[in-house]
Amino acid sequence: FRTPKVNCPEKVIICLDLSEEMSLQKLDSMNGSKTNALNIAQKMIEMFVRTKHKIDKRHEFALVVVNDEVTWLSGFTSDPREVCSCLYDLDTNVCESFNLDGLFKLIQQKIELPVTENIQTIPPPYIIRMILVYIRTPCHPQSISIERLNKILQSPYFFFDTIYIHNGTEEMDEDSSCKEVCLFFNNLDTKGTSYKYDVSLTGQAVELHNCMAKLLAHPLQRPVQTHAVYSLLEDEEGVEVEATV
């Protein structure tokens with residue numbers, strides 16, 4: 001079903017992976033030094049929250065961290081300072097597994113999915129978006145309750161965006177485990193409305209910022225990801241059939 005393309009309030013749940021890979025000094029920063037993914041993730045999340053708040057002060061945010069356990073740290077709140085105050089006192093851990101089922105179970109307890117009488121004509125009072133920053137390459141998410149997952153993901157007012165930080169090359173040609181994780185998250189997006197990005201842990205830190213910036217667009221107003229284009233140049237191939245965000 002096509003929902004009205006309205007700028008209704010968003011309830012954004014930012015889920016940050018705190019496995020030990022987050023602390024590896026592999027990313028290239030702007031000044032040429034090495035930095036870790038946690039440092040960049042903290043900065044990009046703060047910039048995202050503060051920018052979304054400036055766009056619409058009705059937006060609300062929550063922060064969830066995931067190691068072997070899933071912890072709801074903050075929110076829902078429309079005050080960016082409340083979320084950001086929890087961002088910078090975080091430690092990474094050696095993690096055995098990623099409990100995606102536990103993550104969705106916690107979110108299900110914290111949210112109430114909107115219901116409207118007519119999905120195609122009546123705007124929702126709000127939408128819910130989950131943004132997962134995930135970094136575990138050898139550790140695939142497992143043990144998922146399909147019933148719980150479908151109840152949330154099939155809602156036209158729930159969106160599940162992912163930023164996957166992997167250990168492979170930028171093209172992921174040689175690392176099948178990276179491809180498997182990407183395929184796993186792709187398969188969860190049965191509606192085709194979520195955005196999914198992958199960034200190399202050995203690449204440029206600015207790429208993480210770029211991915212987070214692309215998530216600023218409202219999920220009800222952005223095109224499907226394959227049609228999104230961010231260039232202002234009109235002569236680029238295919239631009240006439242794509243939507244500019």
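Modeller: Leaving aside residues up to four places away in sequence, Lys11 is in contact (heavy atoms within 4.5 Å) with Glu60, Phe76, Tyr126, Ile127, Ile128 and Arg129. This is a predicted model, in which local features need pLDDT of at least 70, side-chain atom pairs count only at pLDDT 80 or more, and totals for chains, interfaces and linings use all residues. Residues are numbered from 1 along each chain as its sequence is written, and side-chain values use heavy atoms, with hydrogens and water left out.

Biologist: Is Lys11 buried or exposed?

Modeller: Lys11 counts as buried, at 18% relative accessibility. Buried means under 20% relative accessible area, exposed over 50%, and partly exposed in between, with a 1.4 Å probe and protein chains only.

Biologist: Which side chain makes a polar contact with Lys11?

Modeller: The side chain of Glu60 does, at 2.9 Å. A polar contact is a pair of N or O atoms within 3.5 Å; within protein, one must be able to donate a hydrogen and the other to accept it, and residues adjacent in sequence count only if both atoms are side-chain atoms.

Biologist: What joins Gly75 and Phe76?

Modeller: A cis peptide bond, with omega about 10°. Most peptide bonds are trans.

Biologist: Turning to helix 6, which residues are buried there?

Modeller: In helix 6 (residues 205-214), they are Ala205, Leu208, Cys211 and Met212. Seen down the helix axis, these buried residues fall within an arc of 115°, so they line one face of helix 6. The arc is that of the directions from the helix axis to the C-beta atoms. Helices (H or I, at least four residues) and strands (E, at least two) are DSSP runs, numbered from the N terminus.
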